Amino acid sequence: MKIEEVKKKVKLSVHWLPRPASKYHGSYPLGFENLIVDKLGTKNIIHFFCGSSKLGYCIDINPDVKPDLVANVENLKQIPDNTFEAGLADPPYTKKFARDLYNCEYPQWSKWVNELVRIVKVGGLVAIMHNYPQPKPKNTNYVEVISILCRIKQYTKVVSIFRKTSQAAQRMSKEMCAACE
Ligand SMILES: C[S@@+](CC[C@H](N)C(=O)[O-])C[C@H]1O[C@@H](n2cnc3c(N)ncnc32)[C@H](O)[C@@H]1O
């Protein structure tokens, strides 16, 4: 698919944020938190894998970073469905990073993504930072992909943003697509 065709479906943007916000491994680039609040349109954010960041309601498995909740984000049954206006996640990007940098197991993508989408209200945005664009989680649509250029010799970060749809809306759009074919 040509870039012009991608741009018709998903907004693409590039930012240059060359400094890290803290000394914590994998910390957000300085300025990222303001940027993402702007993109998500709210500070009422459930924040998975928060690390040193204090944005929104912070959850991390590492008690040393003093999050609002110390928990494994693969299972958060204590938080009801549709609780927060938006969601944000910055997981360890590889098994090796999980083990060597954070001394933890590599979290299972489908488990924590399902939890993140479940906790966000229908219509709310969900942002996932990684080093490549993310597959579309169930019950969401693509909204935007942001490429963040960091320091020299540091990998670019990619933030994929999705909008949570109701299951009924997803079913209807699939049915409409099928009717058009
Ligand atoms: C890439 S770092 C996030 C850094 C953060 N963006 C910052 O600015 O400091 C990933 C974080 O995920 C946490 N983590 C790893 N597995 C987890 C899990 N299953 N549940 C919750 N947190 C987890 C680690 O403790 C680490 O703080």
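This is a predicted model: local features need pLDDT of at least 70, side-chain atom pairs count only at pLDDT 80 or more; totals for chains, interfaces and linings use all residues.
Reader: In what order do the strands of the open sheet lie?

Author: The order of the eight strands is E1-E7-E8-E6-E5-E2-E3-E4, and the pairing is mixed. At the edges stand strand E1 (11–16) and strand E4 (69–70), each of which pairs on one side only.

Reader: Which helix packs on the sheet, and which strands does that helix touch?

Author: Helix H2 (residues 32–40) does so, touching E1, strand E2 (45–48), strand E5 (84–89), strand E6 (120–130), E7 and strand E8 (157–164). The direction of H2 makes about 150° with that of E6.

Reader: In what sense do E1 and strand E7 pair?

Author: E1 and E7 (residues 140–149) pair in the parallel sense, over six bridges.

Reader: How many of the six residues of E1 are buried?

Author: A residue would need 20 or more other C-beta atoms within 10 Å of its own to count as buried. The number buried in E1 is zero, so this strand lies largely in the open.

Reader: How should I picture the side chains along a strand?

Author: In a regular strand they alternate between the two faces of the sheet.

Reader: Where is Arg163 placed, and what does Arg163 touch?

Author: Arg163 belongs to strand E8 and, leaving aside residues up to four places away in sequence, touches Gly123, Leu125, Thr140, Asn141 and Val143. Arg163 counts as partly exposed because it has 17 C-beta neighbours inside 10 Å. Lys96, by contrast, is 67 residues from Arg163 in sequence and 30 Å from it in space, C-alpha to C-alpha.

Methods: Residues are numbered from 1 along each chain as its sequence is written. Two strands pair if DSSP finds at least two bridges between them. Helices (H or I, at least four residues) and strands (E, at least two) are DSSP runs, numbered from the N terminus. Two residues are in contact if their C-beta atoms, placed from the backbone, lie within 7 Å. Axes are lines fitted to C-alpha atoms, for helices over the stretch in contact, and angles run from 0 to 180 degrees between N-to-C directions. A residue is buried if 20 or more other C-beta atoms lie within 10 Å of its own, exposed if 12 or fewer, and partly exposed in between; C-beta atoms are placed from the backbone.
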